[in-house]
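Here is a friendly briefing to read beside the model. Have the sequence and the 3D view open as you go.

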Amino acid sequence: MKLLVAVYFLAITAVALGARRKNLIIDTDLFSDVDDAGALLLAATSPGANLLAVNVNYPSSFSALAASAILAHYGRPEVPVGIRRPLTNATFFDSWFYELGEYASKIAFRWSGGSLPWGRAEDAWDPVALYRKVLAEAEDGSVTIASIGFLDNLSALLNSTADSYSDLPGRELVARKVSELVVMGGEYPSGREFNFWGSNASLTTHVVNTWESRVVFAGIDVGEHVKSGGRLMAEGPDEDPVRKAYIYYSYYAPRPSWDPLAVLYAIHGLGDLFEFGNEYGYNHVEADGFNRWIWDPKVRNQFFLRLAVDNETAAAELDRLFLEGASSAAERRLAERTPPTTTPTMQAREEL
C-alpha cells in the first residue's frame, strides 16, 4: 500500500512539474557568436523548459550539426533540428575585429551526436515544416518561440499554407498555438542592430511589423555589458561542448549575453532580473533594419526588456546557470558510463 501511495505521489509530482515547464522553440543563428551556444545550454538543461525544437536561421551545415551535438551532450538527442536552405559549408571568420575564433565546426565534429551526426546536415528538417509540425501537435496557446538571430524562418512560417500537419495557414497557426514571441534584436527605444539587418531586413520588417500576438523584445542594450561564460570556462567540466565553444571563440574572455538573457526571459518571465521598459506601444522596423518604438497607448501586447538588476548580478546568475547545467550533464554522463556496483549482499541474492 505504501509503495502504491509513493508511486501515485511521484506521478502526480511529475505531472505538476511538467505542467509548469515552458514549451519552447529556439530559432538561432548559431555561427558568428558564441552566446547562441550558451542559450542552447540553458534551454536544454533548465528544469523550467520543455524544449520542443531548434531551428537554425544561418545556412551553414556546421551550425545545424553543432546544435545537434550540443543538444545530445545535454541529454536531449531527440530534439529535432531544422535549418534554412540552401546549405553551405561556410565557417566563421572574424573580419570585423580579427580577434574571435570559429567554434561551430569544431563542436560539430568533436561532439558529433543527436539527430544530426557529423556529415548528416542534409537530414535536418525544413524549418517551416518543423515549425508547423511542432505547433500543430501543441496545445493551443502553449508555445513560446525565442528568436535569437535572423527572422527568415519566422517570416517563412507566417507565409506558409495548409499542409499535412495543419489545415491552418501560417499566421492562423501562430495565433492559435503561440503564446509569446521573444525576439533578441533591435535597440530600444530606437537603433539599428545586426539581427534586424544582417540577413534580410525586409523579412525582419515582415515579422516585426505584422506579428499580431504578444511579443517581447530583448534589445542589444540588455546584454551588451553583461559579460558571462567566464566561470564556465574556468570551472566547467573539461569536455563540455559549450565551455569549449566559448574558449574557441573568445580565448577565455567572457562574452556579452544577448541570447542567453533572451532565452532566460523566455523560460522564466520577468523574475527578479528583468522589467519592462514600457507599458504600451509597438516596435516598428524600417526597410534598412532600423527600429523605433512607437508610443501608441492603444497597443499593449508588445514590450521591450530592461534589466532590473545591475550587469554584474545578471552575469553572475547566468554563470551560475551555465555551470549548473554543464555540471549536471557531466554527472549524468559519468553515471551512464559507470557500471553498477555489486555488493556482497546483492551477489549472494543473485546466486540464490
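For residue classes, Ala, Val, Leu, Ile, Met, Phe, Trp, Tyr, Cys and Pro count as nonpolar, Asp, Glu, Lys and Arg as charged, and the others, Gly among them, as polar. What you see is a predicted model, in which local features need pLDDT of at least 70, side-chain atom pairs count only at pLDDT 80 or more, and totals for chains, interfaces and linings use all residues. Residues are numbered from 1 along each chain as its sequence is written, and side-chain values use heavy atoms, with hydrogens and water left out.

**Confidence**

- The protein chain has an average pLDDT (the predictor's confidence in each residue, from 0 to 100) of 93, and 91% of the residues score at least 70.
- Confidence is lowest in helix H1 (residues 2–20), with a mean of 41, and highest in strand E5 (residues 178–184), at 99; helices (H or I, at least four residues) and strands (E, at least two) are DSSP runs, numbered from the N terminus.
- Residues 1–18 have a pLDDT below 50, and beyond near neighbours in sequence this stretch makes zero contacts in the model, where contact means heavy atoms within 4.5 Å.
- Residues 348–352 also fall below 50 in pLDDT, with one contact in the model beyond near neighbours in sequence.

**Pockets**

- Rolling a probe the size of a water molecule over the atoms shows where empty space is left.
- On a 1 Å grid over the protein atoms alone, a pocket is an open set of points where a 1.4 Å probe fits, with protein on both sides within 12 Å along at least five of seven lines; lining residues have an atom within 4 Å of a point.
- The largest pocket holds about 750 Å³ of space; grid points are joined across faces, edges and corners, and a volume is the space filled by probe spheres set on the points.
- It has 31 lining residues, and Ser32, Asp33, Trp96, Phe194 and Tyr249 are the closest to its centre.
- The lining of the largest pocket comprises 15 nonpolar, five polar and eleven charged residues, and helices H2 (35–45), H8 (194–197) and H13 (258–268) each supply at least two residues.
- The second largest pocket has a volume of about 280 Å³, and among its 16 lining residues Thr45, Ser46, Pro47, Gly325 and Ser328 lie nearest its centre.
- H2, H13 and helix H14 (311–337) each give two or more residues to the lining of the second largest pocket, and H14 gives the most, with six.
- By class, the lining of the second largest pocket has eight nonpolar, six polar and two charged residues.

**Sheets**

- Strands of a sheet pair through backbone hydrogen bonds, either parallel or antiparallel; here, two strands pair if DSSP finds at least two bridges between them.
- Strand E1 (residues 22–28) runs parallel to strand E4 (residues 143–148), and six bridges pair them; Leu24 has Thr144 in E4 as its bridge partner.
- E6 and strand E10 (residues 290–294) run antiparallel and are joined by three bridges, and Gly191 stands opposite Asn291 in E10.

**Backbone details**

- Most residues other than glycine have a negative phi, and most peptide bonds are trans.
- The peptide bond from Arg85 to Pro86 is cis, with omega near -5°, and Pro86 sits in the loop between E3 and helix H4 (104–110).
- Tyr188 and Pro189 are joined by a cis peptide bond with omega of about 15°, and Pro189 lies in the loop between E5 and E6.
- Tyr251 is not a glycine, yet has a positive phi of about 55°; Tyr251 is in the loop between helix H12 (241–250) and H13.
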